[in-house]
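Subject: Structure for you to look at

Hello,

Here is the structure I said I would pass on. Please open it, then read the notes below it.

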Amino acid sequence: MPRGAIGQHTGSTAQDLGEQGMLNTSSARRGMVVAPHHLAAQAGLSVLRDGGDAVEAMVAAASTVAVVYPHMNGIGGDGFWLIAEPGQAPVAIDACGAAAAGALPELYRANGHAVIPSRGPLAANTVAGTVSGWGKALEVSRRWAGGGSGGKPALPLSRLLEDAIHYAREGMPATGGQARFTADKRPELEDVPGFAPIFLPGGAVPAQGARFRQPALAASLERIAAAGVEDFYRGDLARALAAGLQAAGSPVALADLEAHHAREVTPLSVRLRNASLYNMTPPTQGLASLMILALFDRLGVTEAEGFAHVHGLVEATKQAFLVRDRHVSDPARMAVDPFHFLEEASLADLAGRIDPERALPWPQSGPPADTIWMGAIDGQGRAVSFIQSTYWEFGSGVIAGDTGVLWQNRGSSFSLDPAAVNALVPGMRPFHTLNPALARFDDGRVMPYGTMGGEGQPQTQAAVFSRYGLFGQSLQTAVTAPRWLLGRTWGAASTNLKLESRVDPAVIEALRAAGHDVEVVAPFSDMMGHAGALVLHPNGTIEGAFDCRSDGAVAAF
């Protein structure tokens with residue numbers, strides 16, 4: 001019997017994909033993991049092979065991807081989970097850190113800042129929550145292990161972090177993306193405290209394929225493996241993190257770490273014609289992701305890839321983003337219940353504002369981001385949709401002392417305007433582009449799906465789900481097919497509609513004629529995100545698809 005199946009991107013062009021038949025969807029029955037880096041997918045698969053469940057596999061994949069894809073995410077960032085167990089309502093985990101007690105608007109004004117800087121110590125102004133999310137998710141897993149499904153013993157944390165520790169200590173080949181983004185962002189990061197010694201070893205950008213080690217991060221991961229995730233917030237590692245951050249000039253202090261806890265919450269949900277969709281609650285843009293598909297479902301589009309499909313999703317995106325930008329914040333200060341916008345009357349009203357022939361003028365803009373999405377399904381049918389991020393590529397750039405932990409800059413999305421929806425207030429959580437998605441179809445299929453890509457996350461989710469879930473494309477085709485992006489991401493300044501060049505030229509011209517400000521970009525563009533999806537069928541077959549825009553893989557057995 002083969003040990004497993006790995007599907008991995010090999011740098012194919014659009015023509016290659018057609019000629020080589022690479023759009024075949026991977027399938028298996030015992031378990032599957034999809035990730036934007038093949039070593040993370042294999043780390044999750046190895047845990048499934050050792051009897052672990054989908055959550056345990058995801059912790060292994062999450063810790064590994066934090067090491068091998070350091071420009072995209074890390075343990076100094078935030079994370080969100082959707083977890084679905086057969087026969088039970090899905091649960092969500094919010095592992096988002098709040099603004100530090102010392103992160104006051106006066107601090108920034110005293111340092112000559114009219115806005116929060118995007119890099120450096122003052123950008124590192126929120127607690128990193130993702131490690132706490134691993135712990136909260138493992139609590140869910142232990143409920144299964146204790147007698148819910150299978151009664152298996154829980155795997156030790158040292159086993160789950162094994163691959164991550166190995167790759168951090170012994171090194172792994174730097175990806176092309178790491179090399180490219182390190183070179184691109186070097187001018188704004190090389191003088192940030194702690195960045196250069198790790199990410200510019202010997203004063204040089206690591207070349208693609210060069211061995212890249214992170215021994216200090218390995219030691220921190222070993223500490224977590226031995227002492228537990230709590231040590232990151234209320235132990236020796238927490239004290240080291242806080243001391244390093246304070247020495248660098250960050251407002252994050254030990255008391256901020258000690259006050260942090262991940263939350264288990266009820267996810268947002270909405271009905272489509274053939275499925276129930278689930279996504280994260282605020283402060284994420286999960287509401288927008290659900291609204292886009294719910295609005296599009298009410299437009300009566302009957303086939304994929306034509307003008308009506310792309311135009312309909314773009315216009316639904318505009319309506320959803322208008323709601324998001326006016327209302328979504330830390331739930332503690334939202335005046336409107338987000339479920340209100342998912343009620344039929346509200347959706348019908350917004351759908352009625354969409355012109356099927358003309359584009360709504362679009363002056364809006366959004367932030368860039370760097371993120372990873374991953375999915376896992378185990379042999380018991382438990383599914384996980386997971387996302388973690390340090391916000392921009394390499395986050396704040398700050399390394400917390402000698403811990404090797406790169407800290408996020410998520411709090412740079414706060415505003416210093418006290419009247420803003422996301423005004424900086426200590427203890428408040430920042431707005432998040434992160435949002436993992438999951439669907440339960442009426443016929444019994446379960447689909448975790450998602451992507452990185454900041455402003456593009458809800459749009460890519462809509463493209464992938466609509467193609468597979470509404471129009472019947474194969475899962476891999478739905479992920480690989482040409483995509484589009486309305487607004488900013490990856491540092492782009494423009495807010496127009498960007499389409500990959502593989503989109504039908506007739507559709508591109510029809511969109512222009514309808515009033516869209518169109519820009520054609522590369523056939524497989526990073527700005528379109530690194531998507532992935534898994535589907536568990538009622539007969540036990542699991543399908544998976546990865547994104548050829550990433551270094552990703554589907555790993556299964």
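How many bridges join β16 to strand β17, and do they run parallel or antiparallel? Four bridges join β16 to β17 (residues 518-521), and the two strands run parallel. Two strands pair if DSSP finds at least two bridges between them. Strands (E, at least two residues) and helices (H or I, at least four) are DSSP runs, numbered from the N terminus.

This is a predicted model, in which local features need pLDDT of at least 70 and side-chain atom pairs count only at pLDDT 80 or more, while totals for chains, interfaces and linings use all residues. Residues are numbered from 1 along each chain as its sequence is written, and side-chain values use heavy atoms, leaving out hydrogens and water.

Opposite K498 stands E519 in β17. Strand β15 (residues 484-486) is joined to β16 by three bridges and runs antiparallel to it; L486 has L497 as its bridge partner. Strand β16 (residues 497-500) is covered on both faces, with L497 and L499 buried on one side and K498 and E500 buried on the other. Buried means under 20% relative accessible area, with a 1.4 Å probe and protein chains only.

Now the helices. H309, L313, T317 and F321 in α15 (residues 307-327) meet P458, Q459, A462, A463, S466 and R467 in α17, where contact means heavy atoms within 4.5 Å. The residues of this contact divide into five nonpolar (Ala, Val, Leu, Ile, Met, Phe, Trp, Tyr, Cys and Pro), one charged (Asp, Glu, Lys and Arg) and four polar (the others, Gly among them).

Regards

Key:
Axes fitted to C-alpha atoms, helices over the stretch in contact; angles between N-to-C directions. Buried < 20%, exposed > 50% of the residue type's maximum accessible area, 1.4 Å probe, protein only.
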